[in-house]
Structures are given as C-alpha cells and as structure tokens.
Amino acid sequence: MSGNGLSYSEQGGEAAPELAQEVVPTTTPSAPAAFGLFSSDTKKNEDLKQMLESSKDSAKLDAMKRIVGMIAKGKNASELFPAVVKNVASKNIEIKKLVYVYLMRYAEEQQDLALLSISTFQRALKDPNQLIRASALRVLSSIRVPIIVPIMMLAIKEASSDLSPYVRKNAAHAIQKLYSLDPEQKELLIEVIEKLLKDRSTLVAGSVVMAFEEVCPDRIDLIHKNYRKLCNLLVDVEEWGQVVIIHMLTRYARTQFVSPWKDDEVVEEYSENNFYESDEEQKEKDQKVKNTYTMDPDHRLLLRNTKPLLQSRNAAVVMAVAQLYWHLAPKSEASIVSKSLVRLLHSNREVQYIVLQNSATMSIQRKGMFEPYLKSFYVRSTDPTMIKTLKLEILTNLANEANISTLLREFQTYVKSQDKQFAAATIQAIGRCATNITEVTDTCLNGLVCLLSNRDEIVVAESVVVIKKLLQTQPAHHGEIIKHMAKLLDNITVPVARASILWLIGEYCERVPKIAPDVLRKTAKSFTNEDDLVKLQILNLGAKLYLTNSKQTKLLTQYVLNLGKYDQSYDIRDRTRFIRQLIVPNEKSGALSKYAKKIFLAQKPAPLLESPFKDRDHFQLGTLSHTLNSRATGYLELSDWPEVAPDPSVRNVDVAESAKEWTGILSKTKKEKPIEKFYSESEEEEDESASTSASESNSGSGSEKEDKEEGSSDESSGSSSTSEESSDSESDSKENTAKKTSRAAAESDSEDIKKKAKGISKKRSTSSSSDTESTSSEESSSDSMSESGSKSDSGSGKSRKYTKQKEEKPVQDRKAPNKQDVFLLDLDDFCPVTTPVAVPTAAVLSPSLTADLEGLSLSSSSVIDVTTQVSVPRKTHELLHRMSGKGLAAHYHFSRQPGIFGDRMVSVQVTVTNTSDQKIENIHIEEKKLPPGMRMHEFNPIECLEPAASITVSMGIDFCDSTQTASFQLCTKDDHFNVNIKPPVGELLLPVTMSEKDFKKEQGMLTGMNETSATIAVAPQNSARLVIIERLVKAANLGVVPSGQDNIHRFAAKTVHSGSLMLVTVELKESSTAQLIINTEKTVIGSVLLRELKPVLSQG
Amino acid sequence: MIHSLFLINASGDIFLEKHWKSVVSRSVCDYFFEAQERASEAENVPPVIPTPHHYLLSVYRHKIFFVAVIQSEVPPLFVIEFLHRVVDTFQDYFGSTNVGDQLPTGQLSVVPWRRTGVKYTNNEAYFDVIEEIDAIIDKSGSTITAEIQGVIDACVKLTGMPDLTLSFMNPRLLDDVSFHPCVRFKRWESERILSFIPPDGNFRLLSYHVSAQNLVAIPVYIKHNISFRDSSSLGRFEITVGPKQTMGKTVEGVMVTSQMPKGVLNMTLTPSQGTHIFDPVTKLLSWDVGKINPQKLPSLKGSVSLQAGTSKPDENPTINLQFKIQQLAISGLKVNRLDMYGEKYKPFKGIKYMTKAGKFQVRT
C-alpha cells in the first residue's frame, strides 16, 4: 500500500506535472526534496495560480489537488492563499471541498485574507443542502480566526436547531473547536450543549457528549434528564459516539448510584436471581430481606443496555463496555466481559497491547474472570516482546494451586526462549509464583537453582536476583544454595547478579562462615575492576564480616576500605567513609558504632514480589492514564461511590418538558418498570404472530419460489465457489421444526422489508421512518424475548401477579400525566411522517418533532426501550377511499403497540396518502362521535401532505372493551369526511404471559357462566403446534402460554380497557376436530371472540 | 481527540501529515524515532508514547507507522481502532484498483453504511467463511491450546436496498461473535439469524471466536527430530508433515518456517517436495511444501552446522506452519440458507468455506 499511496501523491499531486512544466529541471526527478530546494517556488506557484484563475473547472480541480497534495506532504502552500480563496464560492462541489481543506490548514496563518471567505460560509450555512450547510459549519469552525468568534457562535446556535441531524451533529463538533479557540465562550456553549443533549437523534448523541466531555465534564446535572435517553439510544449511536458516551456514563454512574459491591456475598446471588425481574418485585423482596442492596433501576438500565455492545466489531467499544462493567457492575457480573476481551486478543498488536494491559489489571483483583481463558494467554514465539511480557504478567496473576503445575511447565518453555528479555521476565514470574503459592516455593527455587547453570548469562543473572529475593522470604534453608551461588561468582559477570550474590553472602555470612571470608578475599582482588554496584556490595560484605568475624577478615576489610577510599566514584568514596566510621571504633566515632551490628545485620523485611499492574485500577480502565500509569492531561477522575445515592428522581423526565421537548424517554421509574416488563413479554408472543401473518402472505411463498430459482441459477452460474445454499426443496424435505420456525421468522421479515422497500422507492425520507419503525421495534422486541427467555416459570408467574398490581396502580398514574407523555414520544418514533429535509415549510411543524423524525431518518433504528410491536398482522382496513376523500385516502391497522397513549387505549396506525396532484394541508380530526365512555387520542395535525406522499400517524382509542364503532371526521383545510373505525374483537386484547400452572388456576376460577366453548373442525395442515399458534395469534392479540401437553394449546390475554383476563384453550381431538374454550368475565367479548376464532383453524 | 496524524515509512521519512486542529510541528515525531531506536524491531515500538506535551499513539501496518498526536486523555483504543480503520480505508481506496480521479464522496443515506442508488447488471452475493486455527502443539504432538478465529467476509453487489437473511445449520457454534453494524443484533439474539441490509461491495459481516475451551480439530501434524550436538558441530534435522483431521479434504499451500537459534551456521537439507531456503543472516528456515499427498508425506531432512566453539542452543526451534484447506470450515459451521427480501430480481449466491492456519506453532 505504501508504494501506491506514495506514488499517487507524487504523480497526481506534484512531481509529474511539475516536471512537465519546468523548462529546465535542474535536478533529477528521483530527488524531489532536492528538487524543491532548487526550483523557484514562485515559478511553480505561478503556474498553479494560473490554473486556479482559469475558467475551466478541470484546471482548477487539478491545481487544487496538487495544492492539497503539497499540504499533505507538509510543504508550504500558504502563499497561494489569495488565489485559492477566490474559489471558495465555486459551484463545483469537488473544488469547493478541496478549497475547504486548504482553508482549514492556512486560515489561521492568513487571518485577514481568510475573512474574505466568511461571507461565503455564511451563505452556505443557509444552503438548502444539508451537506453544504454542515461542511460550511465545519470549515467555519476550523478556521481559527479569533475575530469571527461571534459569527461562529451564532452559526453554532443556529445549526444546533437545524432540521437536519447531520448539521446538528456538526454543530456539536464545532462546539469543541470554538471552545479551544476561545474558552471565554464556555457559558454560551454550555447552553448549546444543554440543548443538543436533549436531541433525540442517534447521530447527534455521540458528538454532543464528546463536546460535553471537552467543555463542561463537571456539569453532571446536564446529564440527569438525558441519562435514560442516552442509555436507550446507545445501541444505535455510531461506534465512536458509543465509546465516548459509555465513558461519560461510567463517570456519571459513579456519582449517582450506590456501590453494588457492598455485602457482595448476599448481593451476588440476589442480583443474579433478579436480573430479569422487575423492580417492583425487588422491592417486595426487599421488605423481607432488610438492608439488602437494591440496584437502582437506572443503574441496571445502563448495564443492560451496554451489554450487547460487547459484540461490537470495534475494539474500543468492547473495551469501553468492559471498563464500564468493571467499574459499575456487581462483581459477579463483571466476568461477562472476559470472553469478549479474549476475543480481542486476535486483533492487531496495538489492540492486543491495550487489551492485555487492562486484562492484567483486572486479573490481579479478580482472578476468576480470566481463569477459564488461561490458555488464551499462552505465549507464542512469534508474539512481539511487549505482548509476550504482558501475557506472562496475566498468566502469573492467574496462577493458583490448581493450575500452577501446568503453568510452570509452560514457563519452562518460555525460559528457553530465544528472546532473552522475555526469558528473564519469565524467571521473575516464576519468582512471583513461588512467593504467592507456598506449595510450589521449593519446586520453583530448585528450578531456579537449576537455571543457575544455564549458559545464558542474562538468564543466570535474573535467576540470581530472583533467588536472592526468594531466600529472603524463606530464611530456613539457605546454606546449600548460598554455597552454590558463591561458587558461581567466578563465572558470572553480570553486575546485578554478582551484587546479589555478594549481598546474600554478607547477609547470611554466619551461616556460611567458611566461604564468606574467602569470597571477600577473591573480590578484594578484583575490586578495582568491578562495576560500582558490585563494589558497593563488596564493601557491604566486608563490613558485615568485620562485625561478625573480625578475626579473619579485619585486614581484608581494611584493605577493601582503603581501595574504596580512593575510588573514582564519589558514591563509593562516600560509602567507604561512612562504613569505616561506623564499624571501626576510634576516638572520633560516636555512639553509633556500638550499634553497627544492629544496623548492618538487622532483620530485613522480605521484598514483595508483586505485579507492576497492582493498584493500577485507581485509573479508570481503558484510559490513556491507565495505559501510561500516570495521570494524562485532561484525565477525569472516577469518583468513589457515594455513601447514599443522590435523589434518583432527578432523572425523571417531567411532563411539561417532555411534552415540549420530546426528549423524554420512557422514564423507567419504579412505577413504570413493571409495565415495561409486562409488555415486553407480550411482545414475544406478538412476534410470533407476526411471523404467522407473513408466512401466510403471498410474499412468503413468493420468496420461496424465488429461492428455488435462485438455487438453480446458482448452479448454472458455475461460479468457482461451491454454493452450499440449501435450496428450498431440500429444507422442505427435511421438515424439521426448528428450521420451519426460522423460515417463518425469516419470511416475516420479508414483509417488513417489502414495506421498507416501498417506502424507499417512494421517498427517501419517508422510507426511513417506516424503516426505523420496523427495525427498531423488531430489535426491541427481540430484546425482550431474550430476557424473558431466561426467565423461569415461576418468574413469569410472578410477573402475572404484577399485572394485577399494575392494574390497581394506573388509577393514580393516569392522574399524574407523566406516563402518558412519556409514551407520546414513543408514538413519534413509530409514526413516520414525511418531512422533507430542509424545506422551510417544515419548520411550521413543531420543530423538535421534525427534528426527531429526521434523526430517525438517518439512524437505522431507534432504540426505545419500551418494547413495542415488531411486526403485527398488517391487515389494513380502509378508513377513507380516495374517491370519496377527494384524493385523500386513509387506511388504518392495529399496530398492537401497547399503551402508547395510556393504558386503556388501543393503538391504531392511520396511513394517510395524498393521491391528488395538490398539496393537502392541515389534516386533523374533528367531531368525534363516540359512544359513552369511549375516548380517543387524536394524532397531531399533519400540516401538509405533498402529492403522492403518505404519512403514517398513530392514534389511540379506548373502545371500552366493546366492538362499538368510533366515528369521527377526518378533516383537511377545506373538507370534512365522515369516517369510522370498528375494531375486530381480537384487537381489544393485550397478550399476557403466564405459566401453565397459573393459567389453570385462573381458568378454574372462570368456569360456568364465564366459559364458552365450541367444537371446531381443524384442517389437517393446521394441527401442528406452530401453525396453531401462528394462526390464533394472528387472529387475536393473544399471548402464548407454554403447554406441557402436545394436544392442548393455551393462550392468554387481557382486555385493553378493563384488564379482564381472556383465556383461550385449543384442545385437539381425534379426527380433525378440536375443542375451543374461552374463559373470561367479559362474556360478551368472549363469545364474539369464540365466533371469530372458530373459522381460523378450519380454513386451509 | 486526534490532533494530527503523521505517516512514516520504513526509511523513517514522514511522507504525509494531516492536522485537524492547529498545526503540530513534525518535530514531535522525534520522540517517536527515539522510541523506535530503543525498540529492536518495529513490532516492539510501544503503541503509546508519552512526550512532554503530547502523546503519540501509533499503529504499524504495511511497513508504515501511522502516528496520531494526542493532547489529552482519550481511550487509547479509540485512537488505535480509528487508525486501523484509516488504514483499511486507504487500502480500499488505493489498494486493488488504480487511483481514480474521483474524490471520495460522502453520502448521507437512510442506511448509513450503504450508499443509495446502487445498480448492477449482475446481481451477486458471495460469502466466504474463513477460519483460522491458532494452535500451540507441544513437543510430543499433543495440543496445548487451539482456538478458531473465524470470519465471514462478504462481497455483495446487489442493486437497490436488498435485505438479506443468512441462517446457519448450527448457529450454536457461534457463541462469541462480533458483527458489522448492519447486522440486526436483536434478531440474532432471539433467532440466531443474521438479518441485515448489506453495505455495497466487500465487507466483513461477522467474526467469531471458538475458544480454547472447545475441542478444536487439528488438521495436520508434524513429526520432527531436531537435535544439536555439543560434541560435534553437526546436528540433525528432520521434519515430516502429514494430514490429521482434514475431513477428507486436501491440505494445500503448506509452508513451514522456523527461526533457528543464533548459533546455527548453515543447514544442508533435502526436501522430498517443494523448495526450501535457509537465510544464514536472519537464521530463518522456510520450506514451501505445497500440497500434502497422504500417500507420500513431504519431508525435509539433513544436517545443521553450528558455529564452531559455541555450545549447543538451549532450545529447539519452534516450527510455524501455514496451510489452507478449501471447502472446509474446521469448526463445522455451515450456512443453511441465504434469502433476499426487498428487491425483485434474483441474485447469484455463493458460499465458500476455507480453513487456514493462523498462528499455528509446533514446539520441538
């Protein structure tokens, strides 16, 4: 690649054209540097200037490419500024881009001239094209000219309320740049940050948090209201934004929640059980188990929503989640990150380096996290040394009684490594294992002693040093080893090793009384040639021997002291003087010499052999500071957990605000949590229902057909690759249920997708919203599935209880409108509205609403944690035919989204299409004629509908558990049309999940009057369990109850308005019949439902 | 975040620079050069280097250092990962084709990773399941550790906005995965189906990891007899490569490399097939074996001459092995089916499997 890159910039950028134009090249072309030196710059630039002034865009473009090439190579192109800046208003977007690149580089140097371009940017900031607006803002904020600070400020403010989320994103980027240019703007910028933090677009979230971190990281208060939203958006933010948000939320959480680590023993089990249970329940339990820690639901929300990101392809995201779990999760949960971290070890060396460093810190404190992955840290001979030593570090941290023998065997290989630096590190590691695990101390010591006869000096030296440390900790059996080491002294030349041996002999001289004086004798001879380190130890040894065995060594010591006195090193001379005064008593020496022996031969504490990564986690993991193990500029301290959690209600999004700003995300206050949970379970069932509808639809069979053809075309294509696609016929023949499900599911998708595709072809901006709709709901629902999947039966049983509790609560809840508003927002996410980007009329719409919708148009999906309906049976009903509506057509279907407008409302999605050739303005609802008790939540008026455009809006209707018709007028600016909505009884239900046991219990209480039943014929192809479930769930919004019997299928739901249970049982009998039983208090609806369900299974 | 970026080639020239904020003098790279000198090899240059006013974070790829200049605290992986993406992009852009006049276009699309208005006359979608085995085999031939690092690389050239689903016969194998952002994670979580609107062209759909805790089939073995002798300066060297668990597929592209100890002067070897080179300077032996014929196992035999006067090396050399097996995913992963929704045409579809050696080492 290097070659290519290089040659490109040279050919395209400079060298070739230059040669052509230079009349007499004075140097050879192969030396561009020299060339630049001798060629006259003016001349060269003259030619570029001419090109820039040419009337042809192609010449200008060529010139700009060359100039940008010069900049990239670090050459000075500043004197072209006047010529370049003239082109800033070029119509050609390619030229414009390059001029922008140039300006960003040189505007700071040429401020006066740069001002010439400002008006162009100001104009561009108003351009209808969002890309141009955004790039104008980007350049404007990048040209570091202090005089335009007010203009920048204004531009940022305006851009922060731009309709395009992309422009708003750039506004967030500009904040940081302006801040670095003029920190005095801080207060004003914080206002913009505050505003952008409320933005709902996933595109903006990452950028604004980055600005927050740069400008006002201490303003935690700005986060409160956005905390839940950020958590919920996180999955869909782009990866770089995710990293920044996760780090910020980690800091935030440490200031707001109490530690989950207290009473770990109790908590561990507790939280594990409760992972998926709702908080209400936790509360209940709490009352039983006093003083047990309960995790704040917001705390849990963060942990839950970051977990899927461990699957990111981006190592930085994975690491960010890992550090979040490390710093925030209960200790028992932190270990889920280790698998992902181990996966990262297969990445590039740089990634490995950082990941290993962090794993090293983790593995010291919590061995258990990485123990299962021990072998993944085994060292390969091809690893770079820094990776090897880090792996070794982790292996050492993980060593315990159980694995030490395996590890020591592995270490033996490492010791022999040709990479001697690594071999030395291994010896250190063995030493550490020896001190940490007493069982193997002797083995290690013996092993190390064997290494003393190694041929490699570095290995021997390191062994000596480590043995010395070990012996200090094990003062029992020195004799033999010390003797052995004394013998080695003749051969070892590495100073550290020699010094270590001498120190050992001195320290334990009384144990080797014969050898010690002899060693002193030998070293005295070589004193002058020794390294300073060794000389100091010889002096030391002499002093100690003088004190213990002065008879034999007095003269020797004095000789050595004399040598030291005249040594070249002042260090040695100083030491000599000091020792002499201390040990040789004379009249000048004071009281100290009496204590000389105590001073020299005091019991010394054994050195601690510990990891360099110990305590490194006082730096937040994953940070630069952690990597460097020193505080980096701008490092933000992670605070300790507060003793008492600050008021959690600060994170509640209050009504007025959420209504106004549309920022409120389903606040998960304790009250609401159960709802969410309840719904999320219902989702699961509905998901299945969705697949039914799809698999039955034409698209399903269509795609099957397609597949077959594809399969054959594949073969005929004769591509070199072997196509191992199983064609449909193949999978059909196998007929295994698992596959079937998956296919059904796959096909269900097809329907969504077709819808999407339609949307896309129609209008890009619309499509996005429908796109988002289906994706997001799909995602959220499957989320809930995974959760409920791991729930135990008893759990779901409890959750049922919940619903009941819930039902009592809403009465209060509804009075406090908080919840409803919260849901309103949801509505917007799921109702696609056509908003042409940057068309001024759109501003008439509630700006934030539009903004939100646009945000969605760019993100693939939105994440609203309230799990909403995935794909529902898309059976649409006509509301208004286009003929009678004068070009305005309307259809509706039941989206089965629970509780968007409140508990008792059935949500209805109305798609309004303009089939006329004129704009239709102000579409809204009037003249509701509702039977008593029924209520309706209208959709927001649609300001304007372009010809051929269509919009889907949501509304809610409380049908009072009856199939009465809701009549109202659909009005435009000029016309009124009477329309009505009549609900199928199956849509008046909300699915409920319960265990089989609970189902039977409830059923037992709903007998007699409350039971209706019928015998129905079942078409043979409909007798499979999955088919039955699919069909019933499609026909009515029912939840599937797990069944222990193959021939009995149970479904549960509750009515939307009153919450009465509706239990449906299908019992298959012999000869293609079945008993259909419905138990409910609402006998009228029950019998209607029975009537509607009867034909469902008999039809083919 | 990243202040400036410098590109430094193998000969130590800064050949490209880019500044996002005010210009940082290229002299800041001197600190990098110092570190480079201290590290014996390019691989050992620390990825993070603190300097008095800046931090230098670098990645090394294609013999080029990409050095980012940072001024304040930032997650280092953020920068490193970003630099790797930059390199990937360069590679994409400069790599295979000649560099066109076209400047890269930034497009805002509904689906951020896919440009709009894609058109092809031949619509095709190819998926390569590539698995690499990382293994350490000990002296006696038993596996110390073995892991599989798998990827599914896709080349999708489909018109419009296709929506694909890919399902597996045995998705259970994939318990440690990472996805391209286009994959709908929740769908995977619930159904174990990969559902995605693909980016246009080549991309990595998924990577997965089968950890050392699982049983991994080892497709080849090496029989070795390497001995250096103290007394004489001649040592023996003999290796044979053979197939083991290959599921009946041919092992090809076999390449054996081994870093000999410093004391080795020269090697006199005869291969039964393929070619071999011993570089007396770097002491690297490489043997390009080619295909393994199970009937006639390839071997390399001969003698090793040691430098006179040096004692025998402590350690026998590690043997690194490369190989390829077509049409086999060693983990057993199999794609069940690929479906396309959202577009009317019928694409060509293809799945290819391949197993390769990753870091496959045999200790001797």
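**Notebook: salt bridges, a sheet and a cavity**

I began with Glu333(A), which is buried at a relative accessible area of 8%; buried means under 20% relative accessible area, exposed over 50%, and partly exposed in between, with a 1.4 Å probe and protein chains only. Before going on, I noted that this is a predicted model, where local features need pLDDT of at least 70, side-chain atom pairs count only at pLDDT 80 or more, and totals for chains, interfaces and linings use all residues. Residues are numbered from 1 along each chain as its sequence is written, chains are lettered from A and ligands numbered from 1 in the order in which they are written, and side-chain values use heavy atoms, with hydrogens and water left out.

**Entry 1: salt bridges**

I looked up the partner of Glu333(A) and found a salt bridge with Arg300(A), whose closest N and O atoms are 2.8 Å apart. The term stands for a side-chain nitrogen of Lys or Arg within 4 Å of a carboxyl oxygen of Asp or Glu. Arg300(A) sits in helix H18 (residues 297–306) of chain A and Glu333(A) in the loop between helix H19 (315–328) and helix H20 (336–344), so the pair ties together parts that are 33 residues apart in sequence. Helices (H or I, at least four residues) and strands (E, at least two) are DSSP runs, numbered from the N terminus. Arg300(A) is also buried, with a relative accessible area of 8%.

My next stop was Arg432(A), which forms a salt bridge with Glu393(A), closest N and O atoms 3.2 Å apart. This pair links distant parts of the chain, with Arg432(A) in helix H24 (residues 420–436) and Glu393(A) in helix H22 (residues 385–398) of chain A, 39 residues apart. Both Arg432(A) and Glu393(A) are buried.

Glu189(B) is partly exposed at a relative accessible area of 31%, and Arg192(B) is partly exposed at 29%. I also noted a network, joined by salt bridges that share partners, of Arg228(A), Asp296(A), Asp298(A) and Arg651(A). Over all chains, I have 45 salt bridges on the page.

**Entry 2: a sheet in chain B**

I then traced an open sheet of nine strands with mixed pairing, in the order E9-E11-E7-E6-E21-E19-E14-E17-E16; two strands pair if DSSP finds at least two bridges between them. Strand E9 (177–179) and strand E16 (275–279) stand at the edges with a single partner strand each, so one side of each has no neighbour in the sheet. Strand E6 (residues 124–137) and strand E21 (residues 348–362) pair in the parallel sense over 13 bridges. There, Ala125(B) stands opposite Lys349(B) in E21(B).

**Entry 3: a cavity**

A cavity here is a set of points, on a 1 Å grid over the protein atoms alone, where a 1.4 Å probe fits but cannot get out, and lining residues have an atom within 4 Å of a point. I count 12 cavities of 30 Å³ or more.

Definitions and conventions:
1 Å grid on protein atoms, 1.4 Å probe; cavity = no way out; pocket = protein on both sides within 12 Å on 5 of 7 lines; lining within 4 Å. Points joined across faces, edges and corners; volume = space filled by probe spheres on them.
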